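Here is a short tour for a first-time reader. Look over the sequence and the model, then read on.

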Amino acid sequence: MAVGVAARPTVPRADTAPAVEATGLGRRYGEVWALEEASFRLERGQFLTVLGPSGSGKSTLLKLIAGFERPDRGHVRLFGAEVDAVPPHRRPIGMVFQRLALFPHMTAAGNVAFPLEMRRFDPREIPARVERFLKLVRLEGLGGRRPHELSGGQQQRVAIARALVFEPELLLLDEPLASLDVRLKEEMQLEFRRIQRELGVTTINVTHDQREALVLSDRVIVMAGGRILQEGDPETVWRDPAHPFVARFLGVGTMLRGRAEAGPVLRIGERLLPGRAPNPATAPRPGQPAVAALRAERVRIAPADGADGDGTRLAERLAGRVEDAVFEGERVLYELSVPELAGLRLRAIDRDPGGHARYRPGAPVSVQWSPDDLLLFDASLETGSDP
Amino acid sequence: MRQLPLAGGVALALLLLLAAPSLVVAGASLTAGGIVQFPPEGLSLRWYGRVLEAREVRDAFLRSLEVATVCTALAVPSGTLAAIALARWRFRAALAIQLYLLLPFTVPLIGSGIGLMLLFGELGLLGRVWPVGIACCVINLPFMIWAVAASVNALDPELERAAASCGAGPVQTFLLVTLPAVAPGILAGALVMFVLALNEFLVSLLLVDARTVTLPVQIYTQIRAVITPDLAAVSTVYVLVAAAAVLLLDRLVGLEIFLRSR
Ligand SMILES: Nc1ncnc2c1ncn2[C@@H]1O[C@H](COP(=O)(O)OP(=O)(O)OP(=O)(O)O)[C@@H](O)[C@H]1O
Ligand SMILES: [Mg+2]
């Protein structure tokens with residue numbers, strides 16, 4: 001990076017330290033802790049997505065990292081240096097805001113040049129650099145336009161270029177894609193991924209879109225009620241949710257309630273359903289109330305009188321009835337009632353195109369799944385930190 | 001759709017009613033005769049020529065310009081900072097200040113005018129021109145604050161955070177981002193303050209003496225002597241100046257800024 005000393009932010013670095021290290025971070029508004037306790041590490045060059053419902057404290061976490069607000073407890077270290085006393089404009093951070101916050105009185109190029117001017121880059125170097133980053137976000141030739149003369153997606157790109165142009169060491173994204181329509185959103189997600197790989201900048205992305213989290217990230221943090229419920233890589237979080245809320249938020253399907261027995265097994269009435277506890281810390285204790293998440297896409301449906309569809313070992317086989325069948329194009333979403341499980345409604349997803357609309361509402365079916373796909377948790381967690 | 005002609009008719013009637021005084025005075029100013037009357041008696045611009053020749057009128061106009069300039073020059077910085085402070089920070093005096101902002105509508109001008117007359121008399125400032133500018137600024141400042149506050153309230157607070165994340169310190173952020181973003185409000189407020197001060201009558205009447213009358217006072221004095229059509233001509237010039245200011249405002253920042261104030 002051909003950048004003068006003055007241009008580099010003032011945070012000294014230990015080269016092996018993680019990019020971000022939060023310890024016991026908390027922030028309170030009045031009596032309410034918007035962020036109760038957040039501790040995590042993010043290695044350099046990684047793409048982290050913070051996933052959580054509205055009000056879970058995601059933006060608060062970003063504000064503390066960016067330095068817009070001071071933590072009421074805990075500390076942030078950036079690249080090994082304590083930054084609690086460093087004001088936001090001296091942190092090595094670029095940020096894309098939820099409402100973009102482009103400067104309305106400047107052109108697109110003016111917006112992108114602004115951080116370079118503020119960070120005292122060599123004025124002779126600025127035009128070329130602006131040009132290069134406008135090109136990176138595919139806005140060549142549009143630099144002369146004002147923000148209001150650009151489309152939503154183009155404004156988005158200006159905001160990205162402005163956040164990246166001074167080659168920050170950390171990029172923060174606060175739901176910048178939330179307001180876009182689905183197609184543009186998916187396009188911009190891939191764009192983020194491409195640019196992030198190209199520049200190798202450590203990134204924290206905030207969203208409540210679970211798909212976006214899975215698509216983009218090296219690491220995922222799931223938050224609820226101001227706490228971190230799980231941290232891991234996307235596949236692990238998807239496969240082994242550590243908390244019933246994580247399972248539900250990732251759109252698992254159906255939550256079943258009963259009592260736990262050793263095995264682990266979920267008992268509902270007289271029925272014993274073998275399952276699996278993905279995380280020892282949140283596993284139910286035998287005899288105690290338990291909650292289980294059943295993946296909708298792993299529930300098999302067969303005709304009521306038929307044999308198993310394939311050779312896999314399917315432990316359970318329950319009699320049910322189709323209550324509703326929603327055709328969604330690439331899949332059909334079924335709602336099934338299962339009298340034996342106290343009339344519980346199960347969700348099942350059928351992705352077999354040939355099988356679309358095979359079962360009509362009212363049809364009797366048999367329902368099966370593998371014990372691997374029934375995830376058991378301690379039921380007291382649900383009331384504990386339910387957002 | 002059926003009501004449309006009716007609504008249009010009512011609107012037209014109202015517009016005519018609002019415009020009537022200006023139209024009448026403009027018509028009267030074009031008379032070729034020697035007395036103010038409407039409709040005019042023949043058409044001519046001779047009374048406009050008379051106005052240009054009349055020294056007292058010209059001097060009074062220049063004094064009014066001075067008053068308006070002093071008023072605007074004071075109102076822009078103080079009103080802008082006050083509006084930003086009011087919109088941004090909650091403090092204990094906020095309610096009192098909200099009340100103050102209603103003053104122009106509630107306290108009769110003659111009241112504020114007498115107060116200022118006593119104060120300026122004490123300070124020995126009566127009979128000079130520039131103190132009238134200060135007086136106009138004091139009395140009309142709420143209009144300035146409203147105009148700027150409308151812009152500040154429409155300002156996205158993320159804009160200033162964005163500036164910080166670009167590396168701009170607090171002073172740079174204020175000068176390079178906040179001020180330009182509220183510039184439309186400042187401009188609108190400045191124009192309003194200028195026109196109000198240019199037209200200000202009652203307070204000037206109390207603060208000036210015979211040698212330092214402003215234009216509205218000059219017109220008033222002349223009315224009390226003989227009413228000649230040159231007064232109608234001066235009034236018409238006034239209306240045109242005000243109209244020009246409104247047009248300028250619309251061209252520069254758009255009038256919707258006033259519709260946005262809360
Ligand atoms: N300035 C503030 N004053 C008072 N409460 C606040 C403030 N900012 C946030 N909160 C509260 O703190 C909690 C967390 O807010 P935060 O903005 O971090 O949520 P979020 O996860 O970003 O939500 P969203 O997805 O809706 O943006 C919320 O309950 C919110 O109401
Ligand atoms: Mg948020």
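A residue counts as near a molecule or strand if one of its heavy atoms lies within 4 Å of it.

## The ligand site

The residues around ligand 1 are A:Tyr29, A:Ala34, A:Pro53, A:Ser54, A:Gly55, A:Ser56, A:Gly57, A:Lys58, A:Ser59, A:Thr60, A:Glu175 and A:His208. Helix α1 of chain A (residues 58–66) gives the most to this shell, with 3 residues. Helices (H or I, at least four residues) and strands (E, at least two) are DSSP runs, numbered from the N terminus.

Polar contacts are pairs of N or O atoms within 3.5 Å; within protein, one must be able to donate a hydrogen and the other to accept it, and residues adjacent in sequence count only if both atoms are side-chain atoms. An N or O atom in the side chain of A:Ser54 is 2.5 Å from an oxygen atom of ligand 1. For the side chain of A:Thr60, the distance from such an atom to a ligand 1 oxygen is 2.5 Å. For the side chain of A:Glu175, it is 3.1 Å. On its own, ligand 1 has 630 Å² of accessible area, and the protein covers 60% of it. Accessible areas come from the Shrake-Rupley method with a 1.4 Å probe; for residues, only the protein chains shown count as cover.

## How the model is read

This is a predicted model: local features need pLDDT of at least 70, side-chain atom pairs count only at pLDDT 80 or more, and totals for chains, interfaces and linings use all residues. Residues are numbered from 1 along each chain as its sequence is written, chains are lettered from A and ligands numbered from 1 in the order in which they are written, and side-chain values use heavy atoms, with hydrogens and water left out.

## Chain A

Chain A has 9 helices and 20 strands. Its C-alpha atoms fill a box of roughly 80 × 45 × 35 Å, taken along the principal axes. Of its 387 residues, 52% are buried. Buried means under 20% relative accessible area, exposed over 50%, partly exposed in between (1.4 Å probe, protein chains only). Chain A exposes about 17100 Å², with 49% supplied by carbon and sulfur atoms.

Strand β3 of chain A (residues 47–51) holds A:Thr49. A:Thr49 counts as buried because its relative accessibility is 0%. Beyond its neighbours within four places in sequence, A:Thr49 is in contact (heavy atoms within 4.5 Å) with residues including A:Asn205, A:Thr207, A:Ala213 and A:Ile221.

## Chain B

Chain B has 12 helices and 0 strands. Its C-alpha atoms fill a box of roughly 70 × 65 × 30 Å along the principal axes. Buried residues make up 40% of its 262 residues. Chain B exposes about 14300 Å², and carbon and sulfur atoms supply 73% of that. Take the contacts in chain B between residues at least 6 apart in sequence: 71% join residues at least 24 apart.

## A buried loop residue

B:Thr31 sits in the loop between α1 (4–29) and α2 (46–53) of chain B. Is B:Thr31 buried or exposed? B:Thr31 is buried, because its relative accessible area is 0%. Leaving aside neighbours within four places in sequence, its contacts include B:Pro40, B:Glu41, B:Trp47 and B:Pro229. A polar atom of the B:Thr31 side chain lies 3.1 Å from the backbone nitrogen of B:Glu41. B:Tyr48 is 17 residues away from B:Thr31 along the chain, and their C-alpha atoms are separated by 10 Å.
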